[in-house]
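Dear colleague,

Please find below the structure I am handing over to you, with its sequence. My findings follow directly after it.

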Amino acid sequence: MNIDKTSKYTRIHCTEKRIQDFIIKLDSEIKKFEKEHLIITFSEEINSSTRDYLLFLDIASKKRLQKTSFVIVQKIDNTDDFPEDFNIVPTLTEAEDIIDMESMERELGF
């Protein structure tokens, strides 16, 4: 797990080969990122399925309650397999855009 911080968000890059291993590691560290927007990226070598990404739903819900954003960057064939409020996008630029949009929505009271 590699962590990069910017003034806007923290990017956590999964270096593990299995998402389940990464989630265990992330769960043990998540309290450190309570007030930060998180972007999760993955190695191209990772073998994963839609079901694996759904394991992040609990973390995404907690981040929403903390009034921060949680975005996964991964090219997915069918985003309809995910809940509407679960942020999964194909590029880092789109992830940054989601953080900006959600920040504006929170400021406006949405």
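In helix 4 (residues 92–108), Ala95, Ile98, Ile99 and Glu102 are buried, where buried means under 20% relative accessible area, exposed over 50% and partly exposed in between, with a 1.4 Å probe and protein chains only. These four residues lie on the same side of helix 4, because they cover an arc of only 100° around the axis; the arc is that of the directions from the helix axis to the C-beta atoms. The face turned away from this buried side carries the exposed residues Glu107 and Leu108. Helices (H or I, at least four residues) and strands (E, at least two) are DSSP runs, numbered from the N terminus.

The model is predicted: local features need pLDDT of at least 70, side-chain atom pairs count only at pLDDT 80 or more, and totals for chains, interfaces and linings use all residues. Residues are numbered from 1 along each chain as its sequence is written, and side-chain values use heavy atoms, with hydrogens and water left out.

The 17 residues of helix 4 should span 24 Å at 1.5 Å a residue, and its end C-alpha atoms are 25 Å apart, which agrees; the expected span is 1.5 Å times one less than the number of residues. After helix 4 comes Gly109, with a positive phi near 85°. Strand 3, strand 4 and strand 5 are included in what covers the buried residues of helix 4.

Those strands are also linked to one another. Strand 3 (residues 38–42) and strand 4 run parallel and are joined by 4 bridges, with Ile72 in strand 4 as the bridge partner of Ile40. Strand 4 and strand 5 (residues 87–89) likewise run parallel, through 3 bridges, and Val71 has Asn87 in strand 5 as its bridge partner. Two strands pair if DSSP finds at least two bridges between them.

Which way do the residues of strand 4 (residues 70–73) point? Phe70 and Ile72 point one way, Val71 and Val73 the other way, and all are buried. In a regular strand the side chains alternate between the two faces of the sheet.

Phe42, Phe56 and Ile72 touch the most other members of the largest nonpolar core, which has 21 residues. Such a core is a set of buried Ala, Val, Leu, Ile, Met, Phe, Trp, Tyr and Cys residues joined through side-chain atoms within 4.5 Å. Helix 1 gives the most to this core, with 4 residues. Apart from it lies another core of 8 residues, among them Ile39, Val71, Val73 and Ala95.

Yours sincerely

Note on methods: Contact = heavy atoms within 4.5 Å.
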